[in-house]
Amino acid sequence: MTSFAYPLTGLVTIITLIVYFWMAFKVGKARAAFGIPAPRMDGPDDFLRVLRVQGNTAENLLLFLPAIWLFALTVGDIWAAGIGIFYPVGRVLYARGYYAEALKRSTGFTVGLAATMILLLGALIALAMEAVRLYL
């Protein structure tokens with residue numbers, strides 16, 4: 001059997017992508033429910049909230065995915081996964097809150113953003129320390 005160096009980070013990545021797929025699926029269902037054909041991006045508030053959850057998550061994935069993997073590579077798999085799991089949890093909380101009412105999205109957003117920022121800053125510090133060690 002093949003050995004994997006980052007199985008936990010990989011699992012968190014897959015969980016995150018499953019959460020994102022669920023959000024994209026919800027957009028398709030909302031389009032059907034509200035009769036909004038693609039490529040239209042407007043409609044009632046209930047549709048727009050579902051659309052924004054998916055869109056905001058796509059925007060945030062651009063930060064989260066490199067952050068978790070750089071952290072895993074520089075700090076370690078267990079730590080990256082332990083911090084990173086809060087991102088998909090936060091995104092689910094964000095979605096559930098936003099689906100109910102726009103003002104109820106902040107807790108989930110904060111959880112996901114905090115996880116991303118810890119991973120990003122941790123990777124930055126670890127990379128800077130290694131650069132100093134190697135080149136100074």
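Predicted model: local features only at pLDDT ≥ 70, side-chain atom pairs only at ≥ 80, totals over all residues.
Visitor: How far apart are the C-alpha atoms of leucine 124 and threonine 74?
Guide: Along the chain, leucine 124 and threonine 74 are 50 residues apart.

Visitor: Which residues is threonine 116 in contact with, leaving aside its neighbours within four places in sequence?
Guide: Contact here means heavy atoms within 4.5 Å. With the neighbours within four places in sequence left aside, the contacts of threonine 116 are Leu63, Phe64, Ala67 and Tyr87.

Visitor: How do the axes of helix 3 and helix 5 run, roughly parallel or roughly antiparallel?
Guide: Two packed helices are described by the angle between their axes and the distance between the axes. For helix 3 and helix 5, the axes are 9 Å apart and the angle is about 155°. Angles over 145 degrees count as roughly antiparallel, and therefore helix 3 and helix 5 are to each other roughly antiparallel.

Visitor: Which classes of residue make the contact of helix 3 with helix 5?
Guide: On the side of helix 3 the contact is made by Ala80, Ile83 and Gly84, and on the side of helix 5 by Ala115, Ile118 and Leu119. Sorted by class, these residues are five nonpolar, one polar and no charged.

Visitor: At what angle do the axes of helix 3 and helix 4 cross?
Guide: Helix 3 spans residues 77-84 and helix 4 spans residues 86-100, and Gly82, Ile83 and Gly84 of the former meet Phe86, Tyr87 and Pro88 of the latter. The axes of these two helices come within 5 Å, and they cross at roughly 10°.

Visitor: Is the peptide bond from alanine 38 to proline 39 cis or trans?
Guide: Most peptide bonds are trans. Proline 39 lies in the loop between helix 1 (7-34) and helix 2 (45-74). The bond that leads from alanine 38 to proline 39 has omega near 10°, and this peptide bond is cis.

Note on methods. Residues numbered from 1 in each chain as written. Heavy atoms only, no water. Helix = DSSP H or I, 4+ residues; strand = E, 2+ residues; numbered from the N terminus. Axes fitted to C-alpha atoms, helices over the stretch in contact; angles between N-to-C directions. Parallel < 35°, antiparallel > 145°, perpendicular 65-115°, else oblique. Nonpolar A, V, L, I, M, F, W, Y, C, P; charged D, E, K, R; others polar.
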